[in-house]
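Please keep the sequence and the 3D view open while reading.

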Amino acid sequence: MRHRIKTAAGKLSLYVVLAGLALVFLVPFYWLAISAFKSQGQIFSTPPQWVPSPWQWSNFEDIYRETNIVRAFLNSCVIAVGHVTLSLFLCSLGGYAFAKYPNAPGGRKLFAFVLGTMMIPGAVTLIPTFVILMKLQMVNTWWAMIVPGAANAFGIFWMRQYIAAHVPNDLLHAARIDGCSEFGIYWRVALPIARPALAALGIMLLIGTWNNLMMAFLLLRTKDMQTLPLLIYLLQGETRTPFGMLMAGGLLTVVPMVVAFLVFQRQFIAGITSGAIKA
Amino acid sequence: MADDGDLAGPARRARTRWADVRRHWHFYVFISPFFILFAVFGLYPMLFSLYLAFVKWDGLTGMTWVGLANFATMLEDEILATSLWNTLVIGLLYVPPMMVLAFLFALALNVPWLKMRGAFRSAFFLPCVTPMVVIAIVFGLLYSPERGLLNYTIGRIGLDPIPWLNSEAWSKVAVAILVVWRWTGYNMVLMLAGLQGIPHEYYEAAKVDGAGAWQRVRHITVPLMRPTFLFCGLLSLLGTVYMFDEVFVLTRGGPGISSTNFGLYLFNISFGDFRFGYASSVAYTVALAVFVIALAATRRGRASPDEGEGGA
């Protein structure tokens, strides 16, 4: 609107600039992808090789042979699926309750309290959370990564807003008259309608959990419990860092998130911008 | 309002409050998981670490009550002071370019005739969905002193190679570049949402009055985008203070402690030195300071929505 660049040359130059910048932003991804197919020598060759010659597959063989990457992939998947599923269930249940029982005594105050908890920085609660997870014997288990953040305030807020706006009360009434239980109404009536909101929240949670390094570093102690980011982090730092292997493992870690993002990007972007619009 | 969706409707309002509570027992059951988990992993940790702020504890042996000693130690902790200084410098290095870039990208992607908008948006946004640990290692390669792509390119232009990760002066710049790369797209998306919330009529009216494109951006877009800029700014404030993965992987805070920001410092004294008591007092103090700064910024930002033009 505000850039009324009328001439074709003006339009073209915007495309050229945007395309150029987009390519610059994609260079690290490209470098990751091609370095996975280079030997250590090729990675550090001068001039840098934009296309590996020859292409090496050994990095993938090496990381498969020398590390427990299959197990790490499995751990990452279990933690991601577990955390996302549990969070979606608890947040949608809470969000539904706050959206559809407006006459419950204290409901408003409790909701304000939930929103207030968003202001607590994780840095303040980190040490005690760690100590509690030790006491609960959850350190070095999947549960340590799945449970603690499962009922998060943002998720409840997000689901409440969507359900309040999109699930018609008449539908709930009709289900109630048909003898549906309250949980049944949530599960069979509200939840299917809230699917877009679940997708948005799910993709945000998925990316956060999959990429989490700090909690994995603190809580997952043995090799058979490592997630992909932790495995990759710990692979460096020995005397000679095997960059080819790292890049191969890195590619396997990055690709699922890139695919998930490209599939769900509309929902994802709707999710992160909701806060900005509110502010 | 959604009032009619309630269990029994307004007919039985005269009932006592307790009966009301019992009638809504589903509500309390449905929200209870949040409160149970919050009690265990939110409220209790908050109180526990408030207590820890006044004790000396390594997590294994007994706690010793030290009163305000932890807070006194903070005043003389030079590493803390350096990490806060580094946080400020890294923030100043990356926030302005990131915000300007994000705003320009958002303006460009908001141009109505633009095609392939989705592709551009994805390209700029993709960095912030990828695991930092992988990306930081890739940046480590790009930054490597003699054979990295960056220094090779710089050399081809005829400039001297830059010791990105090996110099106390440049390590912060290296971190800042990584952060700009990673978070510009995120801010762009927030700003794009903000731009789409500005009514078209404003621009039409300005055009009728003869305002050029630049004037429209300066006098309509920028003032109306203040809330969005404020939101992005607050996220950046929190992001810089508590940033962890970026420095933990790319520089490990070094060389020396030249790129150790507050987040990494706190992690180090917590889980490197196991000074749980001291770390808690530091965490509380800084969290409070950040909260006050954020609150002041919000107040100021809200107080003068139409005044002052330098919103970006």
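What radius of gyration does chain A have, beside the value near 19 Å that a compact globule of 279 residues would have? In this predicted model, chain A has a radius of gyration of 24 Å, whereas a compact globule of 279 residues would come out near 19 Å.

**Fold of chain A**

- The secondary structure of chain A consists of 14 helices and zero strands, so that the pattern read along the sequence is α-α-α-α-α-α-α-α-α-α-α-α-α-α.
- Of the contacts in chain A between residues at least 6 apart in sequence, 74% join residues that are at least 24 apart.
- Buried residues make up 44% of the 279 residues of chain A.

**Domains of chain A**

- Chain A is divided into domain 1, covering residues 8-59, and domain 2, covering residues 61-278, and the centres of these two domains, taken over C-alpha atoms, are separated by 32 Å.
- Where domain 1 and domain 2 of chain A meet, 12 residues of domain 1 are in contact with 11 residues of domain 2.
- On the side of domain 1 of chain A that touches domain 2, helix 1 (8-35), helix 2 (40-43) and helix 3 (58-66) each supply at least two residues, and helix 1 of chain A gives the most, with three residues.
- The residues on this side of domain 1 of chain A divide into five nonpolar, six polar and one charged.

**Where chain A touches chain B**

- Between the two chains, 81 residues of chain A are in contact with 82 residues of chain B.
- Helix 14 of chain A (residues 243-278) contributes 15 residues, the largest share of the side of chain A that touches chain B.
- That side of chain A holds 60 nonpolar residues, 16 polar residues and five charged residues.

- Once its neighbours within four places in sequence are left aside, A:Leu201 is in contact with A:Leu88, A:Cys91, A:Gly155, A:Trp158, A:Met159 and A:Gly271.
- A:Val78 and A:Leu12 are 66 residues apart along the chain, and their C-alpha atoms are separated by 47 Å.

**Chain B and confidence**

- The domain assignment of chain B gives domain 1 (3-52) and domain 2 (71-303), with 38 Å between their centres, taken over C-alpha atoms.
- The model scores ipTM 0.86 and pTM 0.86, while chain B averages a pLDDT of 85, with 92% of the residues scoring at least 70.
- In chain B, confidence is lowest in helix 1 (residues 17-23), at a mean of 80, and highest in helix 4 (residues 78-109), at 93.
- Over residues 1-5 of chain B the pLDDT is below 50, and this stretch has 12 contacts in the model beyond near neighbours in sequence.
- Residues 305-312 of chain B also stay under 50 in pLDDT, and the model has 14 contacts for them beyond four places in sequence.

Conventions:
Residues are numbered from 1 along each chain as its sequence is written. Chains are lettered from A and ligands numbered from 1 in the order in which they are written. This is a predicted model: local features need pLDDT of at least 70, side-chain atom pairs count only at pLDDT 80 or more; totals for chains, interfaces and linings use all residues. Two residues are in contact if their C-beta atoms, placed from the backbone, lie within 7 Å. Helices (H or I, at least four residues) and strands (E, at least two) are DSSP runs, numbered from the N terminus. Ala, Val, Leu, Ile, Met, Phe, Trp, Tyr, Cys and Pro count as nonpolar, Asp, Glu, Lys and Arg as charged, and the others, Gly among them, as polar. The radius of gyration is taken over C-alpha atoms; the globule rule is 2.2 Å times the number of residues to the power 0.38. A residue is buried if 20 or more other C-beta atoms lie within 10 Å of its own, exposed if 12 or fewer, and partly exposed in between; C-beta atoms are placed from the backbone. Domain bounds come from an automatic or database domain assignment. pLDDT is the predictor's confidence in each residue, from 0 to 100.
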